[in-house]
Amino acid sequence: MLLQLGSTRSWTSDRLEPMKQHGLKIAERSKIAPFFAMEVLRSANQLAAAGNDILHLEVGEPGFGAPAKVINVAKTALDDGALGYTEALGTPEFRGRIARHYETYYGVTIPPNRVVATAGASGAFLLAFLAAFDVNDKIAVVEPGYPAYRNILTALGLQVVPLRAGPEQRFQPTIDLLRDVGPINGLIVASPSNPTGTMLSSGELETLASWCKNNDVRLVSDEIYHGISYGHSPTTAVSFGDQGIVVNSFSKYFAMTGWRIGWMVVPPDLVPGIERLAQNLFVSPASLPQHAALIALDCRNELDIYVQTYARNRKFLLEHLPSAGFDKLAPADGAFYLYADVSDLTKDSKEFCNQMLEEAGVATTPGIDFDPQRGHQYLRFSFAGSEQTIVEAAERLVNWRR
Ligand SMILES: Cc1ncc(COP(=O)(O)O)c(C=O)c1O
C-alpha cells in the first residue's frame, strides 16, 4: 500500500479553468480537454518523488533511447556547428531519404517534393488540418482513438464527428460506420491504433481510401506505429493514391520521442499551402534531428531488437493480466498497448486507475482519454517499458486484485 493517498486527485478538469485574475478574455479554443495520460504521469511522478516505487505503464514512450549511431551523428553535427534554419519543408537530404524509405520499405515510389519534415506527428497534424480543412468542416475520428486528434481539431474550430467503433469492428472505422454519420470532409485513421493496437488489413485500408476518394473526403492516415507489429505487416495509404495525407514520426519505432521529428507525405496540390503555413508557423523544422533521422532509417537491426522486447512484453501481459481480472483485451496487432474492457471491475475507470496507482504503484491510462463516451469502462496498459517493469507490474496487479 502506498503512502500518498489522495495526492492524485487533481486528474479532474479543475486545471482546465484557471482562476481569472483580470478582465481579459481567455480564448475558448484553449479550453480543450487535457491529455489524461500526461496527467497520470504527473501524479505518478509526484508519488515517485515522495519515495514510492511507481511502475510506468501509462505513457506510450519507448523504454529505449535513440540508436547509438544516431547519437554519434548528432554529436558530430553539433561539433560541425552548421545548424541554421533549413528550408521550411525540410532539407533536400531528409525529404529524399524519406522518399527512398517508401521505395525500400513499402515498394512505393513517391517524389521527394511530396515529403514534409515536421515537429513530430503532432506538428504534422497541425499543418495537415490547417492546410486541408476550413473552420466548421466535419472530420470523422474513431473512438477510441488518440485524444490529440479530437483536441487539435476542436482548437482549430473544426467539428469532430465520432465514429463509435467497438470490438465487433476491431475498433477501426468501417464503411457502415461512415455511412451512419452523414456527410464529412475528412477521416482520420490509425493503423496500428492507439489505444487498441488493432490494424486495418491492406484490403480494409484500400476500401476506406477509395470510399474517401469517391466521396471527396480527405483521408489522414496516421502511420506512427508502423514497424511495431506482431505478425502483420503494415500497408501505407501512400499505396492507394495521392489524395490522402500520410503522417509518420521518429517517436515510436525509432525511439526518438524527445527529438521531435516526423514527416508527412502530402498530395501535390497541398504542398504550396503547407509550405506557406510551415514558413509562417515554424520557419523551419529543427535542423539537428533532420540530420540524425537520416541515420535512424539505417538502424533497423538495433530497432528491431527493441520491437522484440515489446513483443515479449505483450506476450507476458497477455498471459498474466487475465489472472488479475483483465481478461477482455483488444487484439494488439501492433503498437505497444493493451486496451482492456474493465466494465466487470468498475463503473469508473478513472477512479480505478487512480486506486491502482495509489495502492499497487502501477500507472495506467483511463479510457476516457481515448473515448469520452465509453472510456469509463476501459483502461490502457502501455508495454513500451523494460521487461523488468512489465513483469513486476503484472505481479503487483495479480497481488492487488487477490
Ligand atoms: C497515434 C499517435 N499519433 C501521434 C502521436 C504523437 O507523436 P509525436 O511524438 O510524433 O508528436 C502519438 C503519440 O503518442 C500517437 O500515439
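I take two strands to be paired if DSSP finds at least two bridges between them. Helices (H or I, at least four residues) and strands (E, at least two) are DSSP runs, numbered from the N terminus.

**Entry 1. The model and its confidence**

I note that residues are numbered from 1 along each chain as its sequence is written. The model is predicted, so that local features need pLDDT of at least 70, side-chain atom pairs count only at pLDDT 80 or more, and totals for chains, interfaces and linings use all residues. I read pLDDT as the predictor's confidence in each residue, from 0 to 100. The protein averages a pLDDT of 93, and 95% of the residues score at least 70. Over residues 1-14 I found that pLDDT stays under 50. For that stretch the model has 27 contacts beyond four places in sequence, a contact being two residues whose C-beta atoms, placed from the backbone, lie within 7 Å.

I looked up the strand order and found 2-8-7-6-5-3-4, in an open sheet with mixed pairing. Strand 2 (115-118) and strand 4 (159-164) are the edge strands, and each pairs on one side only. Neighbouring strands of this sheet are turned by 25 degrees against each other on average, direction ignored. Axes here are lines fitted to C-alpha atoms, for helices over the stretch in contact, and angles run from 0 to 180 degrees between N-to-C directions.

Helix 4 (residues 120-132) packs on this sheet and touches strand 2, strand 5 (186-190), strand 6 (218-222), strand 7 (245-249) and strand 8. The direction of helix 4 makes about 165 degrees with that of strand 7.

**Entry 2. Strand 8 and its two partners**

Strand 8 (residues 262-265) pairs with strand 2 in the antiparallel sense over four bridges. Strand 7 and strand 8 also pair in the antiparallel sense, over four bridges. Residue by residue, I recorded Trp 263 as the bridge partner of Ala 117, Met 264 as that of Val 116, and Val 265 as that of Val 246.

Which way do the residues of strand 8 point? Gly 262 and Met 264 point one way, Trp 263 and Val 265 the other way, and all are buried. I call a residue buried if 20 or more other C-beta atoms lie within 10 Å of its own, exposed if 12 or fewer, and partly exposed in between, with C-beta atoms placed from the backbone. In a regular strand the side chains alternate between the two faces of the sheet.

Ile 261 has its place in the loop between strand 7 and strand 8. Is Ile 261 buried or exposed? Ile 261 counts as buried, because it has 28 C-beta neighbours inside 10 Å. Beyond four places in sequence, its contacts include Ala 117, Gly 120, Phe 250 and Met 256.

**Entry 3. The shell around the ligand**

The ligand is surrounded by 13 residues, and the closest are Gly 120, Ala 121, Ser 122, Ser 249 and Ser 251. Helix 4 gives the most to this shell, with three residues. By class, the shell has four nonpolar, eight polar and one charged residues. Here Ala, Val, Leu, Ile, Met, Phe, Trp, Tyr, Cys and Pro count as nonpolar, Asp, Glu, Lys and Arg as charged, and the others, Gly among them, as polar.

**Entry 4. Backbone exceptions**

Most residues other than glycine have a negative phi, and most peptide bonds are trans. I found that the peptide bond from Ser 191 to Pro 192 is cis, with omega near 0 degrees. A cis peptide bond also joins Asn 194 and Pro 195, with omega about 25 degrees. Pro 192 lies in the loop between strand 5 and helix 7 (202-214), and Pro 195 lies in the loop between strand 5 and helix 7 as well.

Asp 216, in the loop between helix 7 and strand 6, has a positive phi near 50 degrees. Asp 216 counts as exposed, because it has 10 C-beta neighbours inside 10 Å. Ala 335 has a positive phi near 60 degrees and is found in the loop between helix 10 (300-320) and strand 9 (337-341). Ala 335 counts as buried, because it has 31 C-beta neighbours inside 10 Å.

I recorded an open sheet of three strands in the order 9-12-11, with antiparallel pairing. Strand 9 and strand 11 (365-366) stand at the edges with a single partner strand each, so one side of each is left without a neighbour in the sheet. Strand 9 pairs with strand 12 (residues 378-382) over five bridges, and Leu 338 stands opposite Phe 381 in strand 12.

Notes. Near = placed C-beta within 6 Å.
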